[in-house]
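Colleague: I'd like to learn how to read a few features in this model. Can you walk me through them?

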Amino acid sequence: MLAKVADADSRFIDETNDSLLLPAVEYYRRHGPRSLYAWSLYYLGRLRYNAGDYNGAILSYALASETRLYKSDYSFRGFVCSGIADTYRWCFYDAEALQYDSLALADFRRTGNIHYERGALYNLALQHYNMHHWDIASELFASLVSVPDTLIAMRAKNDLAAIALYRPDPDPAVSVRLFEELAASGFDFTSRDIGEWAYACELTGQRGRADSLLGILDLSGDLARYGYMVADVRGETEEALRYLVETEAYNDSLHTALQRHSVQTSMEQYQAQAAREARDRAKIRKLVIFLLIVLLASLIFLSEWLLQRQRRLHAERERRLEFIAGEAQRLRRLAEDRQRTLQAEKEEGMRRFVASFRREWQTLADLCHEYHVTYADPQARNLIYNKVMDLASKIGRDDKSFHALEKRINDELDGLMHDFRRDFGDRLTETKYRLAACLVAGFDPPLIALLFGWKDLQMVYREKNRLMDKVRLSRTREKDRYLIALK
């Protein structure tokens, strides 16, 4: 069984079932050899760590550290120290994790095994990263980026991308560049990596890319914080609040889980037990009873303290959420008021623009109207037609004239026709664009019919309705602006 676990460990397979290894530990403890007993304790610690039994893992590693092999074999001692560091790291005992990572690196360096040394150096850099020692972590990760071990090199570059994002003087552009280089090299990103990449893209103004990356993730639990970070940058208060609430709930559950894994207490209890076993059995029993009473009282006191603390934190969180909700509602009302004001200003500007055009071409519009309603007197109709054509020549019906009309509309109405052409592209014909310009300018149907050579006024209304329908069915964000202008 020990050989099977060692083989799985060498192939990075995380075994979790210790039921078959426990008899081997007991057998080697009784019959030897002592080196196999030491290794069985180490692998028992690994199995328990993989299974989430961190108290059991730290005790197995502590027993392994008491063996002769630990005192004589640098390689074995490096593995045990690395296992202890991993267990402390998961349970957020940062100082202890840093201490054992340093010991593991020193021991692996003595073995001369460069592969083990690089792994230990990466773990040490990771712990400095966890403790926000940005400069030290950056220096250590940078030393690993170019090593022949591709996996460690890519992981180090990935962590450098995160550091560029979180340090006090962040450079999200560097972060984006490193993530893109990793993607190009086929790096297997975790969900956390993708969330940080999305946040870096948002900070550098790549909103579409950020949305695309977030779309890969299930933004719940711990990953909800990336949804909050991106929404907060965008000023999307309601969305940020929703993710913040979910992140707080996850942190609460994580806090509750960590309370069940006090590995530091387990290690201290083991060390105290080892010392007590060296003393008289009777004194040990009395001391154990006394310590159990003290521990029970401490647990009762600690439980009550934690309960009160949780209540205070809950009340404070409720007050904070109420304040955030109130601010979000106030900001939403301000945004709605601002939107209504801007809409009214746009409509007023449109009305002034159309009125200006109407004043300029009113005479021509009136004559066009008279032309279309005069049927009884052909001579009068011809006379009106000649006057209309004379005035129409001042507007012009060629490309140059329509370009001049569009330019004036763009100058007066914040590039409306430019945006209209950009949004609809080749989905509309040039005739439709020219009709749109005439409608925006407020030309009457008789005048439009004259400019386009349409003898039937109903043709103007039909083409206008078709154009309006295309705009209504479009998905452009400027749809309301275009509809107001075309009316």
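Modeller: Let's start with helices: these are DSSP runs of H or I with at least four residues, numbered from the N terminus. Keep in mind that this is a predicted model, where local features need pLDDT of at least 70, side-chain atom pairs count only at pLDDT 80 or more, and totals for chains, interfaces and linings use all residues. Residues are numbered from 1 along each chain as its sequence is written, and side-chain values use heavy atoms, with hydrogens and water left out.

Colleague: Is His-132 buried or exposed?

Modeller: Buried means under 20% relative accessible area, exposed over 50%, and partly exposed in between, using a 1.4 Å probe and protein chains only. His-132 comes out at 52%, so it counts as exposed. By contrast, His-128, in helix H8 (residues 114–130), is buried at 10%.

Colleague: What about the aromatic pairs?

Modeller: Rings of Phe, Tyr and Trp (its six-membered ring) pair if their centres lie within 6.5 Å; planes under 30 degrees apart are stacked, over 60 edge-to-face, the rest tilted. There are 28 such pairs here. One of them, Phe-452 with Trp-454, is stacked, at 4.9 Å centre to centre and 25° between the planes. Both Phe-452 and Trp-454 are buried.

Note on methods: Helix = DSSP H or I, 4+ residues; strand = E, 2+ residues; numbered from the N terminus.
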